[in-house]
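Hi,

Here is the structure I promised to pass on to you.

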Amino acid sequence: MTDKDQWPRQLDRTVDAVQDRMVKTRRHLHTHPEVSGEETETTRYLEGQLLSDGFRVRTGPSGLGVIAESAGNGSGPKIALRADLDALPIQDAKAVDYRSTVQGVMHACGHDAHAAAVLGAALALDAADKSGILPWPVSWRAIFQPAEETNQGALEMIEAGALDGVGAMLALHVDPSRPAGTIGHRSGVLTAHCDEMRVLIRGSGGHAARPYESRDPIAAAAQLINAFYVAVPRSLDPRHTVVLTVGSIAAGKRYNAIPDRALLKGTVRSLDEDARGRAMERVREVAEGVARVSGTEIEITFRSGPPSVLNDPGLTDLIRQCAVDLLGADRVHHIGHPSMGGDDFAHYLNRVPGSLFRLGCSGPGTTTTGLHTPDFDVDERALGVGAKILARAVVRWSEPKTHEKEATR
């Protein structure tokens, strides 16, 4: 092996050198979470970190989110790395030193880990470039976006020019179903199209002792939820997966009074447009039937969420190759089926080719806790694994002969 072939291991060592800093960053963000659209202090913290290391930095719209650039010694398009910053309105139940200090808010989806891993990759690439480790010029951009959970952040960063001059994009997402030190990859459809559903039921209120004098919206809501869960999946081809979930019910203020309205909120998730359209149509049909039976008025509205993440085959294979070289083939797994979760990384991929991989984050001997749960945590050794794969992939993608081949196609 020549000295030039040693760069992957040397680059790994630059990641190892910032492991403690990644952990510190992740724990700071975990302790001080901010929900979508309010990531002001998170932005300031990361901006300060990046400025202190001499990066060229600018903030996103309304001062939320950070875009950092490499030294810019590479020619041609850049490759971008994306991290998300927002937390969720969930109470942190963990008994750890870095437990959230914000009542009712926590990083239950691992965005703190994503930010730390992308920061680590950026620091390592910069250090490797300055020390002459890299085998060829590399040009990259790190995008730390707000508001992933509300499907706004990616669109706002794109509007602010985050993809200007970008030829490809990579991202990771922690996966508690996989042990730290492993990853999952998949070409093509990785996540579902996610639509937000809002159901307003209007009835007429009354005394709890005389329900026959009212048109009870709570009774209608109960009928409607049961009908949704039975009729929608039973009327769709099971080969085209659709998941409908009601996640919020709001109605009434008194235990002994029937309210005049109820509000349901939920999601409809699908993997193809035909199934998506049929599911929405069936939701409206079911609502019309329940409205007639209950004597209520039911208004259904949908708001489009993120489309499906469509991973580019070439970039997914690039991630796979980097991961196999780092971890060994037995720790790099193909994801057999798409997830019904959503991710607004899809908006970037509607404009440039890219790939998102799953980063194992569960620790040995620990009880696995799922995403969006009060006990969610990560094995912080995963941060270095994610940063190394991202950093290696940036360098591999930047190899001059790769772009020479693309130019001759």
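Let's start with Arg-56, which sits in strand β1 (residues 56-59); strands here are DSSP runs of E with at least two residues, helices are runs of H or I with at least four, and both are numbered from the N terminus. Before going on, note that this is a predicted model, where local features need pLDDT of at least 70 and side-chain atom pairs count only at pLDDT 80 or more, while totals for chains, interfaces and linings use all residues. Residues are numbered from 1 along each chain as its sequence is written, and side-chain values use heavy atoms, with hydrogens and water left out.

Back to Arg-56: its C-alpha atom is 5.4 Å from that of Glu-69, although the two are 13 residues apart along the chain. Is Arg-56 buried, partly exposed or exposed? Arg-56 counts as partly exposed because its relative accessibility is 47% (buried means under 20% relative accessible area, exposed over 50%, partly exposed in between, with a 1.4 Å probe and protein chains only).

Asp-126, in helix α4 (residues 111-130), is buried, as its relative accessible area is 12%. Leaving aside neighbours within four places in sequence, Asp-126 is in contact (heavy atoms within 4.5 Å) with Asp-53 and Phe-55.

Most residues other than glycine have a negative phi. Ser-62, however, has a positive phi of about 60° and is not a glycine. You'll find Ser-62 in the loop between β1 and β2 (66-69), and with a relative accessible area of 75% it is exposed. His-372 has a positive phi too, near 65°. His-372 lies in the loop between β16 (354-362) and α10 (381-397) and is partly exposed, at 39%.

Last, a pair of helices. Which residues of α6 meet α7? On the α6 side they are Ala-220, Gln-223, Leu-224, Ala-227, Phe-228, Ala-231 and Val-232, and these meet Arg-282, Val-283, Val-286, Ala-287, Val-290, Val-293 and Ser-294 in α7. By class, this contact has 11 nonpolar, 2 polar and 1 charged residues (Ala, Val, Leu, Ile, Met, Phe, Trp, Tyr, Cys and Pro count as nonpolar, Asp, Glu, Lys and Arg as charged, and the others, Gly among them, as polar).
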